[in-house]
Amino acid sequence: MTQSLPDQLRSTVRFLGRVLGDVIRVQDGEAVFNQIEDIRQASVAFHREGTEEAARLMAERLGSLSLEETVRFAHSFACFLQITNVAEDQIQRRRGRAGDARFDTLAGALRSLKADGVEPAEVRALLENALIAPVITAHPSEVRRKSVLDRQSAIARHLDSFDHARTDSDRAAIEKELVREVSIFWRTRLLRSVKIAVADEIENAVSYFERSFLAELPKLYGHWGEVLEGTDDLPSFLRIGSWVGGDRDGNPFVTAEVMRRALSRQSRAALRMYLNQVHALGAELSISQGLAEVTPELKALAEKANDDSPHRTDEPYRRALTGIYARLAATYPRLTGEAPPRPTSTSAEPYAGPEELKAELQVVLDSLLREHGPAFAQGPLPDLIRAIDIFGFHLATLDMRQNSAVHARVVAELLKTAGVAGDYESLDEGQRCELLTRELSHGRLLSTPFAAYTEETARELETLKTAAEVKRNYGPDAIRAYIVSNTTSVSDLLEVYILLKEVGLFTPGDPPRAEIFAEPLFETIGDLRDAPKTMARYLSMPLIRKLLAAPGLQEVMIGYSDSNKDGSYLTSTWELHKASRALASVVRGENLRLQLFHGRGGAVGRGGGSSFEALLAQPQGTIGGRIRVTEQGEVVANKYADPELARQSLETLTAGVVLASFRKDAGDLAAPHSKAMDALAREAMGAYRALVYDTPGFVDYFFAATPISEIADLNIGSRPTSRQASRSIQGLRAIPWVFSWSQSRAMLPGWFGFGSAVNASGAPMSQLKELYESWPFFRTTLANMEMVLAKGDLAIAGRYAGLVEDRALAEHVFGQIRAEWGRTLDALLEITGQSSLLEKNPDLAEIIRSRLPYIDPLNHLQIELIRRRRRGDDAAAVREGIHLTINGVAAGLRNTG
Ligand code: PGA
């Protein structure tokens, strides 16, 4: 009989836990092991019994630790929780092995669509014009160092071999290997000792391509070709994008030089992989022309190769590949600035672009197919050709991103210096648009090399020039989009074209042309509500109509975290949904296609939760085969660090997009339901803003009752935690905001306001129950909230409130949080028809419950250490202890910020 999910997990965790325990015994001795084990048992007992006696015992054990012991204990539980995550991933990997039998694969999607009367040919047609793009960002919510990730991967590999071992002696040998790996892991520092720089972030991002995408994505296409009944010319609709080295919003360290470096590093990864593959093919394809025919094209290619090795004169494939290798090797220094990895014997012309390389490899493939049949239709050569189609010479399309406020200042300075407008920023929106449209209609530039610009303007101009250079060097796909953070108006977008024009990336004319397109990011509740109007105005401008006629498409980015921080979980979720639907109709009205770009993170308060469910909950008509989604922080490693999991994640994403694109059942929400949602969203936002923005002293409460200040010192990202120097919630970035509330287990961004909304909106309970039963959006919204509540703990949050010195303030704010928690819990249980959280999802309940005894002691210690530090004890061990507990709690909750 197959084990249940929690049982499988339990036995794997137990196994790894035992290995870790043995390692601690050997390395640190029995006494240390016993101390850790005693606390573990006390915590487990406390969770099982929940008695005061058990609580007292646990507190006593924790309280008796010296500072040194505290640090070691925090390290041990953090290690254990990281290992638990490895075990969980292993279960996931096993489940994924059901392959196409799963519903969340392309094959599964085709089956379920077929049952609804959608034929594979229709799916094929959708994919013809599709774009599915996870975009890797460096958003700082990953607390694990790369070395820790590497050790976890190594442990995972051994665990996997253990699964496949056939004999006891194999198992014993693997266990020995595992012990060795865990021993290294136990002695690996969990914390970063210095702040991560953008160069490290670039390195990390590229490492996912090297570990997973470069090899797995081409294979996936091969598989999908078979799933779609032998289609072998599927376009490369699934591509991986990147923001790392292009996202300058609030990060002064992302400079022109960094952008150059990102592309050069990306290119190095792609070209190295191509070189290795061509080399391997050259070793493999020993076919002799004395024994086989070749096409004339292949013959010509072989002759062109200048390969004078006497050993290969009768081996045309090898000669052709030697020539290809030499050309690639000549391309390598041009794009990476480095010598190629292996010297070549022949000199050759570099490739002008990936198309040339692809065409030559295609000649090789065509000859093999013609002379040797379909055995060559799959395998390393078609995979390599597919890889070049996907990754080109640039590896991943890099987006640029900057804040609209910066553009406004820069454009104002350019206009002023050029004598066009004295005070652009004082103009109203209509005047701004008129002026910008005029500037975009003629070729005269605003900037001059002789002006002394402010540092900001000089930096922005330099970055733009570099973008043009990067496109020239690495091809047009190296950069395509320019995301405008905090877009509120049409002029925010036009300003970007003014800047692009300065470097030749926008050319006025009839029609005007752009090589990079400005794309709005709507990220406050107000801006999301106005987004359809803003876009209607923008898209109806004659200039923009002409500009967009060729691509036939407009991308719009919507921000989950900032809208949540602005207006609460429920309100943001609903406004994002509504805005998407309205935007689809505005864009369609202009005969364009909409491509939504979802800016979401791993935590529910930042748009996290199952991406598959999220896709199915999107409003009808908003996907149509095209979507981009950010992949951030800890999510990147969780999904893509392991090739097998990466493949599953990409399959799931694709299946979700395909299913959502054909869904017919989720027509427009009936008017009364939509009204009910509006009322709920209004009330949720009212309750949330009353607490967060209108409660005097709330900011002080937040800074005292969460580890926000300590998180800022974690060294996990290159950018500052705040956009502004002041201590305001508006200026604070959403990641540390959500991160802090997760650590203190109040999890406020994932639920606050829901209870008040249900109580005050006037929507009858019967209607909410009906919505929950029948509408994927509402069900998913509540399921995510339920998971957050299950990970939260009000008693622990209350202990963090104890850190607030102003007791009246603490009681006032925490009292409101407590009351809202109660209302939210009651409302959720009533709507979902449960008497306790996750009653209907016992597997998830068990998975979360099993982690709590390991997370809670870390919270207890974190509070004590923070108290100690704030009283003036800034010893290195105190800081280390705090950071280790943060690291462990983040690992335990499995989504950070
Ligand atoms: P941002 O991202 O701060 O870069 O806008 C927010 C988030 O991803 O949570």
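Reader: Is D168 buried or exposed, and what relative accessible area does D168 have?

Author: D168 is exposed, with a relative accessible area of 61%, where exposed means over 50%, buried under 20% and partly exposed in between (1.4 Å probe, protein chains only). This is a predicted model, in which local features need pLDDT of at least 70 and side-chain atom pairs count only at pLDDT 80 or more, whereas totals for chains, interfaces and linings use all residues. Residues are numbered from 1 along each chain as its sequence is written, and side-chain values use heavy atoms, with hydrogens and water left out.

Reader: Which side chain does D168 meet in a salt bridge?

Author: A salt bridge is a side-chain nitrogen of Lys or Arg within 4 Å of a carboxyl oxygen of Asp or Glu. Here D168 meets R171 at 3.1 Å, N to O, and R171 is partly exposed at 27% relative accessibility. The two lie three residues apart in helix α8, about one helical turn; helices are DSSP runs of H or I with at least four residues, numbered from the N terminus.

Reader: Where in the chain do D249 and R723 lie?

Author: D249 and R723 form a salt bridge whose closest N and O atoms are 2.8 Å apart. The pair links distant parts of the chain, 474 residues apart, with D249 in the loop between β2 (241–242) and α10 (256–284) and R723 in the loop between α28 (708–712) and α29 (734–743). D249 is buried at 1% relative accessibility, while R723, at 29%, is partly exposed.
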